Amino acid sequence: MSYTVRIDKQSCLSSGRCIAAAPEALAWDEDQLADARPAAGSLSRERLIAIARGCPSLSITVLDEDRNEIAP
């Protein structure tokens with residue numbers, strides 16, 4: 001299953017927890033805010049949920065193929 005990862009740039013605190021947890025899927029953008037790479041959608045559901053819930057500002061939202069929110 002493929003997922004969509006959205007990051008709310010307005011609430012991102014740039015803690016870097018998400019990037020440390022999945023550097024292959026998340027990176028810093030030009031404003032030093034978290035940004036989802038294309039590989040983010042191929043991570044496992046469990047891993048994506050853990051990453052989203054680990055965000056101190058809850059800026060990460062994960063959607064399934066039907067666009068239903070599964071995390072945070």
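Let's start with a side chain: that of aspartate 29 reaches the backbone nitrogen of aspartate 31 at 2.8 Å. Such a polar contact is a pair of N or O atoms within 3.5 Å; within protein, one must be able to donate a hydrogen and the other to accept it, and residues adjacent in sequence count only if both atoms are side-chain atoms. This is a predicted model, where local features need pLDDT of at least 70, side-chain atom pairs count only at pLDDT 80 or more, and totals for chains, interfaces and linings use all residues. Residues are numbered from 1 along each chain as its sequence is written, and side-chain values use heavy atoms, with hydrogens and water left out.

Aspartate 29 sits in the loop between strand E2 (26-28) and strand E3 (34-36); strands (E, at least two residues) and helices (H or I, at least four) are DSSP runs, numbered from the N terminus. With a relative accessible area of 11%, aspartate 29 is buried, given that buried means under 20%, exposed over 50%, and partly exposed in between (1.4 Å probe, protein chains only). Setting aside neighbours within four places in sequence, aspartate 29 is in contact with Lys9 and Asp35, contact meaning heavy atoms within 4.5 Å.

Step back to tryptophan 28, in strand E2. Its relative accessible area is 37%, so tryptophan 28 counts as partly exposed. Beyond neighbours within four places in sequence, tryptophan 28 is in contact with Ser14, Ser15, Gly16, Ile19, Leu33 and Ala34. Take Ser14: its C-alpha lies 8.4 Å from that of tryptophan 28, though the two are 14 residues apart along the chain.

Ser15 and Ala34 turn up again around the largest cavity: of its 16 lining residues, those closest to the centre are Cys12, Ser15, Cys18, Ala34 and Cys55. A cavity here is a set of points, on a 1 Å grid over the protein atoms alone, where a 1.4 Å probe fits but cannot get out, and lining residues have an atom within 4 Å of a point. The largest cavity has a volume of about 100 Å³, volume being the space filled by probe spheres set on the points. Helix H1 (residues 17-21) gives the largest share of the lining, three residues.

What about the cysteines? Cysteine 18 is buried at 10% relative accessible area, and cysteine 55 is buried at 13%. Their sulfurs are 6.3 Å apart, too far for a bond, since a disulfide is a pair of cysteine sulfur atoms within 2.5 Å. The structure holds zero disulfides.

Notes. 1 Å grid on protein atoms, 1.4 Å probe; cavity = no way out; pocket = protein on both sides within 12 Å on 5 of 7 lines; lining within 4 Å.
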